[in-house]
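My entries follow in the order I made them.

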Amino acid sequence: MAQLQKKEAYNVAIAGATGAVGETFLQILEERNFPIAELRLLASKRSVGKTLKFKGKDYTVQELTHDSFKDIDIALFSAGGGRSLEFAPSAVKAGAVVVDNSSAYRMDDEVPLVVPEVNPQDAFKHKGIIANPNCTTIIMVVALQPLHAYSRIKRVVVSSYQSSSGAGAQAMQELMDQTKSWSEGKEIKVEKFVNQLLFNVFPHIDSFTANGYTKEEMKMFNETRKIMGDKDIKVSATCVRVPVLSAHSEAVTVETEKEITPELARELFSKAPGLIVKDNPEKNEYPMPLYVAGQDHCYVGRIRKDISADNTLSFWVVGDQLRKGAATNAVQIAELLIK
């Protein structure tokens, strides 16, 4: 399918508009001044009638149905995999290009999986649907790409430190509620997560699979290979939930065919799109979610040679998973389509 027909402004629908990512879509579209003629906000029946602001104007949320996409050019989906499978084909049939933030289509061979800093060319191979990768994968591959372009990556070992907002707005609220309950000496309730998150970390994000990895960890394995166009890259991930409100952190160790020194890595990172190097440990300067939350760039630091193996580099990367890990990446994909 070719690019969208060129227009001065585009009709945009957001499916899942009242969720954490959906509301972030609105922020990003406004901040980046995306050319919008008509904005249509869609959600489940229980959210119908709610109002959300965009550029100072109130928009009323409508029910997401198969008939929601008449005259829509671009549909940004973040309504969950089931709803994407149910409604995205209707959006495509109506003539829209869908950018889907769920896992529904990511590993479909007919659907490109795109991070604009890594594989922008793949966006134009779409047949109506473009998949937005998992947040942890996006943050990692933005940092892997400049290394891979210099010397092919053979193996990646990564541990993620994922914030509560990666599980949605209700999960963020649960962490805040637990904090409030603890400070007031009340019972700490656990509902959204499988364990108490306050004062705790647990290596359990998504369900476990037969090989002992979680689905989240396998997403990093499978999606990295697809995005980077190299099925031989080996990825082993451990995904951990931490009591942080927003922004995911990742400790990454990368084995490359040729040696990449820390000095060269800093140079490669500093020239790469979407990355900012913050690597001055002598002054306690390194990326932290507290300061990266709310930003679109990923920050990389603690860059060092791995002393346990040859041609191996270790670093720390942090990104806001609601923005670059979800909404910003999707809007960047939409921007590719209208250039």
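On a 1 Å grid over the protein atoms alone, I take a pocket as an open set of points with protein on both sides within 12 Å along at least five of seven lines, and a cavity as a set where a 1.4 Å probe fits but cannot get out; lining residues have an atom within 4 Å of a point. The model is predicted, so local features need pLDDT of at least 70 and side-chain atom pairs count only at pLDDT 80 or more, while totals for chains, interfaces and linings use all residues. Residues are numbered from 1 along each chain as its sequence is written, and side-chain values use heavy atoms, with hydrogens and water left out.

**Pockets**

I looked up the largest pocket and found 42 lining residues, with Val-21, Ser-78, Gly-80, Ala-167 and Gly-168 nearest its centre. The elements giving two or more residues to this lining are H1, helix H2 (81–93), helix H4 (169–183), helix H5 (215–228) and H8. Helices (H or I, at least four residues) and strands (E, at least two) are DSSP runs, numbered from the N terminus. H1 gives the most, with three residues. The volume of the largest pocket is about 1,100 Å³, where a volume is the space filled by probe spheres set on grid points, joined across faces, edges and corners.

Ala, Val, Leu, Ile, Met, Phe, Trp, Tyr, Cys and Pro count as nonpolar, Asp, Glu, Lys and Arg as charged, and the others, Gly among them, as polar.

The second largest pocket holds about 340 Å³. I counted 17 lining residues, and Met-107, Asp-109, Arg-225, Lys-226 and Lys-231 are the closest to its centre. The lining of this second pocket has five nonpolar, three polar and nine charged residues.

**Cavity**

I searched the whole structure and got one cavity of 30 Å³ or more. Leu-147, Val-254, Thr-256, Ile-260, Asn-311, Thr-312 and Leu-313 line the largest cavity. Strand S11 (248–256) and strand S14 (312–319) are the elements that give two or more residues to its lining. Four of the lining residues are nonpolar, three are polar and none is charged.

**Helix packing**

I checked H1 (residues 20–31) against H8 (residues 323–338): the angle is about 55° and the axes are 9 Å apart. Axes are lines fitted to C-alpha atoms, for helices over the stretch in contact, and angles run from 0 to 180 degrees between N-to-C directions. H1 and H8 are therefore oblique to each other; angles under 35 degrees count as roughly parallel, over 145 as roughly antiparallel, 65 to 115 as roughly perpendicular and the rest as oblique. The H1 and H8 contact residues divide into eight nonpolar, three polar and two charged.

I then took H3 (residues 135–150) with H5, which pack at about 40° with axes 10 Å apart. H3 and H5 are therefore oblique too. Met-140 and Leu-144 are among the H3 residues that meet H5, whose contact residues include Met-220 and Ile-227.

Last, I looked up H3 with H8: about 85°, axes 8 Å apart. This pair is therefore roughly perpendicular. Cys-135, Ile-138 and Val-142 of H3 make the contact with Lys-324, Gly-325, Ala-326 and Asn-329 of H8.

Notes
Contact = heavy atoms within 4.5 Å.
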